[in-house]
Each structure stands twice: as structure tokens, then as C-alpha cells.
Amino acid sequence: MSGLLKFSGRDRAAGPVIGLLLLLLVLSPVLGLHAIPGLGLSIYGVNLVGQVMCFALLAMALDLMWGSAGVLSLGHGLFFAFGGYLSAMHLLKTAYAQTHVLPDFLQFMGQSAFPAFWWPFGSASLSVLAIILLPGLLAFIFGYVSFRSRVNGVYFSIITQALTYTAMLLMFRNETGFGGNNGMTGFNTIAGLPIGGMKAAVLLTMLSTAAVLVVLVGGRAMLATRFGRMLTAIRDDEARLRFLGYDTLWLKLAAWCLSAIIAAVAGALYVPQVGIINPTLLDPSLSIEVAVWVAVGGRGGLCGAVLGAVLVNTLKFWMSAAAPTVWPFVLALLVLLVVLVLPNGLMDLSNRSRAWIAELTKGDVPGAKTVRRLS
Amino acid sequence: MSQVEKNALSVKGLIVQFGSFTAINNLTFNASYGHVHAVIGPNGAGKTTLLDIFTGRSRARSGSVLLDGKLELTHLSEVKLALSGIGRKFQKPSVFEALTVTENLDLAFRRADRSLLKEVFARSDQARRDAVDGILQIIGLGAQRHAPAGILSHGQKQWLEIGMVLVRQPKVVLLDEPVAGMSDEETEQTAKLVRSLRSPERAIIVVEHDMDFVEQIADLVTVLDQGATLFEGDMKAARTDPRVLDVYIGR
């Protein structure tokens, strides 16, 4: 039993995962630009890696709230899409500067120029600022209102989902001015590189992988500080923490805004890789799926989120090509398996395997007396 | 109670209602420094509600609760009340199970003169470590200091939570059924612990059902019934008081 608990604070998979990500960061230009003759990846392949990295970022954003503070958002697609739309606005402005052709959806609305509020998106640095600040601001307002009214648990989850759904309905409307159900597409270049080309794919994949590394390492370091312990305390017993003199509203709000910003950055990196954004990213099913990735990988500590996002999405890419009708059943089976056998996802496998073996050799039932990190 | 004793908490004309139910009815109550004050009474007498008022969990309809005779507590938030020197141990042991014993105490060491932001970035300085070590001694969990609180026994969790309340040096310590669910031996140890906490800088209020425990620890006993004081005095007198006997046995 003490053997199991010894690992409760750290994840044994963290080192290998960070190592693999570093390897990926080095390998993506090497394989993408065919530095070694005869050994390389297609643009599609490099792109896929980049997209999966964006999902890993999104999963970590969710885990920061769910795994650490016990607050489950079923609406992180909102921030992901928000970042994506802002990124698309920058790409459209860039394309316009080169082609002087206004995007279709604006022409259909009878516009002869970009609306005035698009002006900051002509600048790359202002766009980056907007991608961080605007979703952060939205998260702050929504989080402040919810946490102040002490909306917790499943009620909070439902509200986040409703918010995403509302945003989806809003963005589906052409009058909203962001392309309606067709969304925004027709991107030309990013950082001077043609979108759809190998160089852009390598750049975006490297950026996404680097972002995953920064959030994973930085986030884990943050969770090891007193702030991280405060979040754990909120998860275990928020009222107790409040009665110790901590205004938990601000602690949750800080983590929530950080989480939203990470999700927005993920979306902003994702959109140029897929070349389009439309309101389907705001569909609640994506937001729920993110929770599945994290649950499969293992909550808390961010490492499980990366593993879960990578494994489930790789499986999804492969299966939806090989056997698209079977995929939903496989996903459902995966969820059941995790709930029944590995309550804390795949991280259980790595964190507890040694202790399980130790217990097995003593003849105990594995997992019977384990104290779970997460309820 | 003599007039020279300093009141930590003075409750006057307190009324608490939940819908049409009156939980506390025009209560007057004082808790003074240096004393262990036990509050007993049948179920529904308003004992826990009284602690809820002191900690901001419930709101008073009218009346006043003063700390040190000057600070009005009835309108303060839970956080402000905690920071102004009120510490509470809950009925159900409430510790942070995923954190170690030391980490629990370290978080509980919340200095009132620091903003939350400063507390987030506070370093583990010597004063902090000494305070935590001191409490570990008092509650006798030194050997478990690096164990996650989740694996502690029920009694140890209760002691840890008492330690978490004490580490901030609160003026008023509220203990809600500290020996509920404890073995006789643990109860005995808890009694010793509570007696040792008596200090001129501290008022201790204990809500408890275990009468033998109360007799061991209490300097003064208040018997509540239907939200009002039925009896006040020492435990021996309480046990022979006909009104007290009536509410406990008469129904």
C-alpha cells in the first residue's frame, strides 16, 4: 500500500514523455525536410503530428482544471475555437494583403472591405496578443460569475457546455460575420511560408510540439508549487480551504484563465494546419471528447493528458480511415475500460505497475486497497 | 463567570431562521479567553448552527456577534472570518487527502497579514517550518509527516484537522464533535490534547455529544435547547440539573 502511495505525487511516465516530445521536436524538421535521403514524412504526415500536438495542448488545458482543481469543463472547445477564429482572422488579413481579394463570406455580405474591428489582425504580434487576451478575458468574465456564485461540479460542467453550444449557434449564423457554417478558409501564407507547403507544416508542427513541451514542463513545475497544492486542496475540499482563509474564487479563476489561454493557443496553432475553421469546433461533442482523452490518459499532472490525446487521436485518425463505422464503438469501449479497470487512466498503468507486481507476488488483490489520488 | 475575564466572542440577541424554522432564538452567549467552553444539547438544539454563524456558513437574521468586544462578525465572509482569527474543525474530518500531513499544515499556515497573492508565492521560511513542526509535536503526527493525509486513521485525521486550525494561532478555536467516531483510547488522547490547548490567548468552544469527554475538558458548559440557553455552569451541575435531565431524558 505504501508502495502505491509513493508514486501518487509524481508520474513515472513524465520523463519518457518529455524525452519523446523532444525527439519529435528534432525529428519533425529532419523527416519533413528529408534531411536523411530515403527517410521522410509526407506533408500530410507532418501535419498530422502537428494537429495531434494541438489536441495534446487542449487536453492539458482541460487537465489543468479538471485533474488539478477538480473542476470539469465540458466547453473547452469554446476557447479552442476562439483562438482558432482569431488566428484565421490574421491569416485572412495576410492573404488579403497579398491578393487584394476579399474573403467570399464578406463579399456575400456586401462588404467591400474588412470591418473596422479587424484592424489589429493585420499585425502578427497584435494577433498573438489578441489570441492570449481575448479568450483570457472571456474566461475571466465567465469564470468570475460562475465561481462567485459557487457554481460547482456537474452544474459548472453543464453551463460550460451550454456556453459552447450557444457560441456554435451564434457562429453558424452568416450575419455574425465570421463565415457562418462555411467558416473561414482561403489562407495564403503564415510567417511568409505558403500554407499547405512542407516548410509551413514543419514550422507549425515544431511550434505545436514546443508549446506542448513548455506547457507540460512549466505546468508540472507550477503544480509542484504552493499554488499547485492550493488547487489540489480545492479539489479535495474547497470549503475547508476557504475556512482556512483562502478566497478560492481567485485561485480557481487564475487556473481557469490560464487553462482557457492554453486552449486558445492550441486552437490558433491548429487552424493554419487544417486550413479552415468553422463552427463544428464549437460542437459540444468535441469538448466532451477532450474529457475522454484526459480520462483515458489519466487526470492530474498533465502527462496523462498528453498521452491520452496522442493515443486516442492517433487511433481515431487510423480507424476513421480504416473502419469509420466502428470508431464510436471503440471509443465507448475505451471509456468503459478506463472507468472499470483504470480509474485514473493509463497513468495508473505506469504509476502502479510496479506496486501491482509487488502486491501480486504477496498474493494481494491488485488495486483493492489503493488510495486513489482522484475521486 | 467573573467580570475580569476577557470575552473573545460575545453573542447578543442572536436569531437564526431557516424558512419558518428558528434554529437559534434570541441567544446570548459568551466565550472567554483561557477557557474551554462546551456547548451541548439534544439534536436540533442549534449547536452546529451557532458554529456556522461564527464561521460565516449561515447568516443571522438579527443580533450581534462581537470578537474582542469590537469586531462585528455577522456580516463578514467565511474568508474574512477565518483571517480575523476564527478557526474551525468540522464534524466530518476535512483534510486534504492527496496532500501530505506537512503540506496540509503548511497550507493551513495562512498569515492574515498577507494577501492571497503573497501567500501563493510565500517561501517556506524558518518561521513557517517551526510553526508546522510545533503543531506536529502537539498533535503527535511527527512520524506520519510525509504520509498523504488520505491514509491516516479517522482519529489521526481529526487531530490533523485540529492541528490545521491551530497552526494559524487563531483567537477562537471551534471544535465540532472532535471525538465522534473515535475509539476510547483516541478519545482519551483528544481530551488530553484539548486540555493542553487552553491558553490565555485562546478561547476554545467545543460542541460534543460525549458527556464524559465534555466533563474532562470543559471549564464551562452551556446547554442549548431549541436555540436558546437552558443552562450554564459546570458539567457536574449540568448532570443534576432537572431542566437538563428533562430535555435529554424526558423526551
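Helices (H or I, at least four residues) and strands (E, at least two) are DSSP runs, numbered from the N terminus. The views show a predicted model, in which local features need pLDDT of at least 70 and side-chain atom pairs count only at pLDDT 80 or more, while totals for chains, interfaces and linings use all residues. Residues are numbered from 1 along each chain as its sequence is written, and chains are lettered from A and ligands numbered from 1 in the order in which they are written.

**View 1. A:Phe121 in the loop between helix 5 and helix 6 of chain A.**
The loop runs between helix 5 (104-108) and helix 6 (124-148) of chain A. A:Phe121 is buried because 21 other C-beta atoms lie within 10 Å (buried: 20 or more other C-beta atoms within 10 Å of its own; exposed: 12 or fewer; partly exposed: in between; C-beta atoms are placed from the backbone). Apart from neighbours within four places in sequence, A:Phe121 is in contact with A:Met89, A:His90, A:Lys93 and A:Ser127 (contact: C-beta atoms, placed from the backbone, within 7 Å). A:Phe121 and A:Val306 are 185 residues apart in sequence, and their C-alpha atoms are 31 Å apart.

**View 2. A:Phe79 in helix 4 of chain A.**
Helix 4 of chain A covers residues 76-99. A:Phe79 counts as buried because it has 32 C-beta neighbours inside 10 Å. Residues up to four places away in sequence aside, A:Phe79 touches A:Pro135, A:Ala139, A:Ala260, A:Ala263, A:Ala264 and A:Gly267. A:Ala113 is 34 residues from A:Phe79 along the chain, with 27 Å between the two C-alpha atoms.

**View 3. The largest nonpolar core.**
This core has 175 residues (nonpolar core: a set of buried Ala, Val, Leu, Ile, Met, Phe, Trp, Tyr and Cys residues joined through C-beta atoms within 7 Å). Helix 3 (residues 43-69) of chain A gives the most to the core, with 17 residues. The residues with the most contacts inside the core are A:Ala56, A:Leu57, A:Leu58, A:Ala59, A:Met60, A:Ala266 and A:Val306. Setting aside neighbours within four places in sequence, A:Ala266 is in contact with A:Cys54, A:Leu57, A:Leu58, A:Ala61, A:Phe80 and A:Gly83.

**View 4. Helix 3 and helix 12 of chain A.**
The axes of helix 3 and helix 12 (residues 303-322) of chain A come within 8 Å and cross at roughly 140° (axes: lines fitted to C-alpha atoms, for helices over the stretch in contact; angles run from 0 to 180 degrees between N-to-C directions). The crossing of helix 3 of chain A past helix 12 of chain A is right-handed (right-handed if the near helix is turned clockwise from the far one by less than a right angle, left-handed if anticlockwise). Among the contact residues are A:Leu48, A:Phe55 and A:Asp63 of helix 3 of chain A, and A:Ala305, A:Asn313 and A:Phe317 of helix 12 of chain A. By class, the contact between helix 3 and helix 12 of chain A has 12 nonpolar, 3 polar and 1 charged residues (nonpolar: Ala, Val, Leu, Ile, Met, Phe, Trp, Tyr, Cys and Pro; charged: Asp, Glu, Lys and Arg; polar: the others, Gly among them).

**View 5. Helix 3 and helix 10 of chain A.**
Helix 10 of chain A covers residues 248-274, and its axis comes within 9 Å of that of helix 3 of chain A, with a crossing of roughly 170°. Helix 3 and helix 10 of chain A are therefore roughly antiparallel to each other. The contact of helix 3 with helix 10 of chain A comprises 18 nonpolar, 6 polar and 1 charged residues.

**View 6. The contact of chain A with chain B.**
Chain B gives 23 residues to the contact and chain A gives 20 residues. Helix 2 (78-83), helix 3 (101-108) and helix 4 (116-120) of chain B each supply at least two residues of the chain B side. The largest share of that side, 4 residues, comes from helix 2 of chain B. By class, the side of chain B that touches chain A has 15 nonpolar, 3 polar and 5 charged residues.

**View 7. Positive phi at A:His34 and B:Gln169.**
A:His34, a residue other than glycine, has a phi near 55°. A:His34 lies in the loop between helix 2 (14-32) and helix 3 of chain A and counts as exposed, with 12 C-beta neighbours inside 10 Å. B:Gln169, also not a glycine, has a positive phi of about 55°. B:Gln169 is in the loop between helix 6 (154-166) and strand 7 (172-176) of chain B and counts as partly exposed, with 16 C-beta neighbours inside 10 Å.

Conventions. Two residues are in contact if their C-beta atoms, placed from the backbone, lie within 7 Å. Angles under 35 degrees count as roughly parallel, over 145 as roughly antiparallel, 65 to 115 as roughly perpendicular and the rest as oblique.
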